Amino acid sequence: MNPHHQIPELAIEAESLVKHYGKTRAVDGVDLRVRAGSVYGMLGPNGAGKTTTVRMLATLINPDAGRATVLGHDLLREGAALRRRISLTGQFASVDEDLTGRENLMLLAKLLGFRGGEVKRRSDALLEAFDLTEAAGQQAKAYSGGMRRRLDIAASLVVVPDLLFLDEPTTGLDPRSRNQVWDIVRALVNDGTTVLLTTQYLEEADELADRIAVIDHGKVIAEGTSGELKASVGSGTLHVALKDAAGRESAMALLGARLDAPVASAPADETSLSVPVADSARAMDALDALRQAGLIPLAFSLGQPSLDEVFFSLTGHPAEPHNEDGPESAQDAKGPEGAQKGHLP
Amino acid sequence: MNLKTDTPSVLHAVLADRRRPVPAGAGRNTLSFGWRAMLKIKHVPEQLFDAVITPIMFTALFTYIFGGALAGSPREYLQFLLPGIMVQTVVFASMYTGVTLNTDLSKGIYDRFRSLPIWHISPITGAMFGDFMRYTLSSIVVVLVGLLLGYRPVTGVMGVVAAIALLNVCAFGFGWIFTTLGIALRTPGTVMTFSWLFLMPLTFASNVFVDSATMPGWLRAFVDVNPVSLLVHALRGILGGTATAGQIGAALVFPVILTAILSPVAMVLYKRRR
């Protein structure tokens with residue numbers, strides 16, 4: 001499709017990227033290897049360093065240390081050439097809210113070198129493809145969250161990039177809009193674009209990404225396919241729901257001893273326990289032991305660990321902010337910006 | 001998928017169209033951002049209130065407050081005051097350049113602009129087109145209000161056109177102060193505060209309202225070299241038919257120096273911001 005650019009096998013090869021803000025190391029030595037034509041997910045909570053990493057790779061800010069080759073271009077020396085082949089959809093709506101949807105796309109088309117009638121033709125084609133034709137003449141500030149996101153992504157595709165950065169593309173979207181964004185990402189990759197997306201949602205990384213880097217406190221703490229990440233925690237997890245909290249302590253001791261592994265209990269629900277298990281036969285033994293001790297569970301299940309559990313076991317804290325967590329997550333709820341800045345001085 | 005049923009194929013067609021037009025150069029980039037400034041005026045006409053209401057107020061107010069006391073009658077005073085009010089209005093308007101730019105820079109859209117293969121400073125050079133529109137509009141309003149109150153430029157329409165042209169050139173120069181502040185400072189509020197530090201002495205310790213001949217020597221020493229005074233002086237010359245090349249040259253000195261020093265500073269700051 002694009003004979004002029006021989007796309008190297010790795011779209012991104014970053015080594016030890018570092019970015020400080022004051023004393024905070026927002027990014028503390030990140031290595032990334034992203035295969036061309038794949039969707040790569042960067043998974044982590046607010047303030048983990050995802051956005052800063054993306055901003056470095058998209059040439060918006062320079063790293064304080066480290067090096068990276070993006071689409072074969074050296075990040076520091078060939079920024080101008082690189083900008084011709086990438087697009088960025090930022091975490092906060094990167095569209096002009098005062099302009100209409102069509103004007104936003106036409107502005108970008110003009111800036112990118114389209115001329116005359118081509119400006120409007122390309123804009124209208126994008127509006128149609130992203131189901132925005134009816135709203136084309138409305139100011140973007142009147143758009144719903146999902147429409148704004150679609151316009152934002154369309155704006156990144158006026159010239160289809162070889163590499164697209166999507167920074168938290170579905171944060172704050174309803175499930176329907178989220179599914180639309182997912183479909184767009186899949187279509188893009190089908191057509192040959194590499195996508196680097198950041199997300200706080202394990203489900204999203206699981207759903208879209210070929211490989212995932214789990215990021216926490218500016219460092220990649222695990223990397224692999226979602227299957228590999230799950231396997232790294234154990235072959236599976238036994239979940240047990242107790243009848244009541246009374247038998248919790250003895251059930252935890254029993255399961256821990258039988259399965260030779262730490263027993264986790266859900267913070268919000270004391271009757272729910274989970275233990276990593278090596279094989280299903282030992283899980284059955286453990287359940288039998290519970291029965292003999294008179295602690296018959298209400299329900300139990302054995303399955304691959306979810307990415308949630310992977311994240312928890314890697315970082316010791318949950319990935320997604322939960323609303324019941326109190327004042328700290330109330331701050332998160334104000335919006336990603338406030339929360340992100342909260343981690344920076 | 002909840003998009004329309006035919007959307008996947010339309011989407012595919014759009015994504016398969018991998019044309020890369022020849023990049024637009026610095027000039028076309030600037031024009032495109034100029035177009036953005038025009039669209040913003042179209043969609044947010046409120047931003048022009050300031051450019052229209054302030055000059056009406058200033059012209060009418062100062063004519064009648066000072067006119068009788070300073071020149072015997074408001075009408076006579078207006079002949080002296082109007083060129084000064086034109087300058088004051090436009091210099092105030094150029095402050096809003098900095099405030100507007102600061103607000104604009106903090107929005108996500110600038111992340112997109114920065115990631116585009118465009119002349120990196122073109123969002124700012126393009127925004128200056130919108131400023132020229134505002135300056136010209138404000139100047140015309142001042143002149144119209146003046147005409148209504150009895151002002152008569154000796155040099156007629158051509159004089160007014162020449163005066164507005166010189167005003168725009170000089171406002172472009174002064175504008176770099178506020179553009180630089182707009183980029184360097186974090187919030188619109190601080191941009192406003194710092195801008196006033198420049199604006200108050202520049203506009204009030206000047207010959208806008210009274211001839212500097214009546215001032216004490218120490219003040220006069222400042223007022224006579226104040227770039228605002230020099231510009232007012234040149235405008236009075238142009239509109240009164242007594243302009244000399246020296247006057248106009250003197251009015252241009254500071255704006256040229258400001259542009260030469262501050263435009264590269266602003267560009268470096270813009271590159272470094274964030």
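Modeller: A definition comes before the scores: pLDDT is the predictor's confidence in each residue, from 0 to 100. This is a predicted model, and chain A averages a pLDDT of 84. A score of at least 70 is reached by 88% of the residues.

Biologist: Where does pLDDT stay under 50?

Modeller: That is residues 322–345 of chain A. For this stretch the model has 30 contacts beyond four places in sequence.

Biologist: What does the secondary structure of chain A come to?

Modeller: Chain A has 13 helices and 14 strands.

Biologist: And how many strands form the open sheet with S1 in it?

Modeller: Four strands of chain A form that sheet, in the order S2-S1-S4-S5, with antiparallel pairing. Its edge strands are S2 (24–35) and S5 (73–74), each of which pairs on one side only.

Biologist: Over how many bridges do S1 and S2 of chain A pair?

Modeller: Strand S1, residues 10–21 of chain A, pairs with S2(A) over nine bridges. As for individual residues, A:Lys19 has A:Val27 in S2(A) as its bridge partner.

Biologist: Which strands does helix H1 of chain A lie across?

Modeller: Helix H1 (residues 50–57) lies across S1, S2 and S4 (65–70) of chain A. The helix runs at about 120° to S1(A).

Biologist: Turning to the chain as a whole, what percentage of the residues of chain A count as buried?

Modeller: Of its 345 residues, 46% count as buried. Regarding contacts in chain A between residues at least 6 apart in sequence, 70% join residues at least 24 apart.

Definitions and conventions. Residues are numbered from 1 along each chain as its sequence is written. Chains are lettered from A and ligands numbered from 1 in the order in which they are written. This is a predicted model: local features need pLDDT of at least 70, side-chain atom pairs count only at pLDDT 80 or more; totals for chains, interfaces and linings use all residues. Helices (H or I, at least four residues) and strands (E, at least two) are DSSP runs, numbered from the N terminus. A residue is buried if 20 or more other C-beta atoms lie within 10 Å of its own, exposed if 12 or fewer, and partly exposed in between; C-beta atoms are placed from the backbone. Two residues are in contact if their C-beta atoms, placed from the backbone, lie within 7 Å. Two strands pair if DSSP finds at least two bridges between them. Axes are lines fitted to C-alpha atoms, for helices over the stretch in contact, and angles run from 0 to 180 degrees between N-to-C directions.
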